[in-house]
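Hi! You asked for a few remarks to read alongside the structure. Have it open while you go through them.

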Amino acid sequence: MSKFKIPVVPPSEITPESLWRARREWLKKAGGLALPALAGSALPGLVTAAPQWGERNPEYAVDAELTSETAVTTYNNFYEFGTGKGDPDARGGAFKSTPWTLTVEGEVLRPKTFDLDALLALAPLEERVYRLRCVEGWSMVIPWNGYSLSALLKQVEPTANAKYVEFVTVMQPETMPGLADRIIDWPYVEGLRLDEAMNPLSMLVFGVYGKSLPTSNGAPVRLAVPWKYGFKSGKSIVKIRLVEKQPVTSWVKIAPHEYGFYANVNPEVAHPRWSQATERRIGAGFFAPRVPTLMFNGYADQVASLYSGMDLVRNY
Ligand SMILES: Nc1nc2c(c(=O)[nH]1)N[C@H]1C(S)=C(S)[C@@H](COP(=O)(O)O)O[C@H]1N2
Ligand SMILES: [Mo]
């Protein structure tokens with residue numbers, strides 16, 4: 001994160017060619033997913049949101065335009081595929097998201113391994129429009145499909161010792177070329193306090209724009225924790241561990257003075273090397289003015305009480 005240069009391809013310059021390639025990629029991937037009948041016949045741009053991905057829940061709305069599907073799926077941070085914003089889409093073609101299992105273990109009464117069908121059937125899917133604020137200073141507005149993470153955690157019955165939740169991303173060295181770079185001590189690990197994880201905003205995500213997640217967004221299941229910087233939302237999750245002690249998460253391990261465990265979006269607490277007061281909305285055009293960043297990324301009403309009495313400068 002700290003090593004980013006200016007974006008490789010400003011979203012305003014996404015060409016019809018790259019758009020076409022993104023669609024072709026989508027067609028290739030869709031072949032192995034749940035829409036085989038559509039994949040051969042229809043252009044992805046014309047496929048309407050499949051009802052099984054859930055109706056939009058108006059409780060989770062954002063007063064801003066959606067970021068385009070192309071930008072959401074091709075401008076990504078997913079270091080397992082490389083550090084370039086285009087790498088996850090360009091280099092993600094061999095990734096295997098089926099079959100998939102997610103194991104929930106640790107301080108729980110009922111540890112369990114779920115396959116993807118079991119996860120998808122666990123709670124009704126819905127669409128929520130969330131803000132995403134990257135610690136690098138850019139943001140997006142994204143329609144995710146999924147449900148609250150709490151639905152899954154309740155199934156396994158956390159014990160009284162469970163205080164934190166750890167999220168572990170898959171390692172597929174043969175399909176993830178970025179794993180060869182030792183930027184991160186793989187696997188990618190993130191974590192939340194249990195009460196943060198149980199907050200209804202914390203979302204287990206299976207789709208975006210009414211389709212299965214593409215590799216670039218964390219297929220087949222990832223997290224969305226919208227009041228925190230984007231790096232807290234781990235992708236392609238294979239393990240969720242409930243633990244007693246605060247987990248040592250990947251970015252804290254790399255640069256503890258720059259990235260804290262909490263990582264709540266906070267315009268008043270600068271990163272040591274740049275301000276966090278404003279953000280660049282991806283897709284608004286490269287020269288569009290930056291917009292103010294909101295406390296807790298605009299979710300203060302829902303989450304500020306989780307941190308009452310805490311020093312948010314020390315606990316960055
Ligand atoms: N496993 C894994 N998860 C990850 C990352 C990553 O490199 N690896 N990058 C994070 C960062 S920095 C951001 S901003 C978001 C981006 O999510 P998106 O590409 O779906 O918008 O994913 C987060 N999750
Ligand atoms: Mo990020």
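Here are my notes, starting with the ligand and ending with some backbone details.

1. Before anything else, keep in mind that this is a predicted model. Everything below is about that model and not about an experiment.

2. Where does ligand 1 sit? Look for the largest cavity, because that is where you'll find ligand 1. There are 18 residues around ligand 1, and the ones that come nearest are Asn76, Tyr79, Glu80, Ser233 and Lys235.

3. Now zoom in on some polar contacts. Tyr79 uses its backbone here: one of its N or O atoms lies 2.8 Å from an oxygen atom of ligand 1. With Glu80 it's the side chain instead, where a polar atom lies 2.8 Å from a nitrogen atom of the ligand. Thr169 also brings in a polar side-chain atom, 3.0 Å from a nitrogen atom of ligand 1. How much of the ligand's surface does the protein bury? Ligand 1 would expose 540 Å² if taken alone, and the protein buries 99% of that.

4. An unreviewed UniProt entry has the annotation "binding site" on Asn76, Tyr79, Glu80, Cys134, Thr169, Asn217, Arg222, Ser233, Gly234 and Lys235. In the model, the lining of the largest cavity includes these residues, from Asn76 and Tyr79 through to Gly234 and Lys235. Recall that this cavity is the one holding ligand 1.

5. On to the backbone. Most peptide bonds are trans, and most residues other than glycine have a negative phi. The next points pick out some exceptions.

6. Which peptide bonds are cis? One joins Trp186 and Pro187, with omega at about 5°. Pro187 belongs to the loop between S5 and strand S6 (189-193). Another goes from Ala219 to Pro220, and its omega is near -10°. You'll find Pro220 in the loop between strand S8 (211-212) and strand S9 (222-224).

7. Finally, have a look at Glu157. Its phi is positive, about 55°, even though Glu157 is not a glycine. Glu157 lies in the loop that runs between helix H6 (149-156) and S5.

Methods. Residues numbered from 1 in each chain as written. Chains lettered and ligands numbered in written order. Predicted model: local features only at pLDDT ≥ 70, side-chain atom pairs only at ≥ 80, totals over all residues. Heavy atoms only, no water. Near = heavy atom within 4 Å. Polar contact = N/O pair within 3.5 Å; in protein donor to acceptor, adjacent residues only side chain to side chain. Areas by Shrake-Rupley, 256 points an atom, 1.4 Å probe, with all protein chains shown as cover. 1 Å grid on protein atoms, 1.4 Å probe; cavity = no way out; pocket = protein on both sides within 12 Å on 5 of 7 lines; lining within 4 Å. Sits in = over half its atoms within 2 Å of the grid points. UniProt positions renumbered as here; feature names shortened; annotations may be inferred. Helix = DSSP H or I, 4+ residues; strand = E, 2+ residues; numbered from the N terminus.
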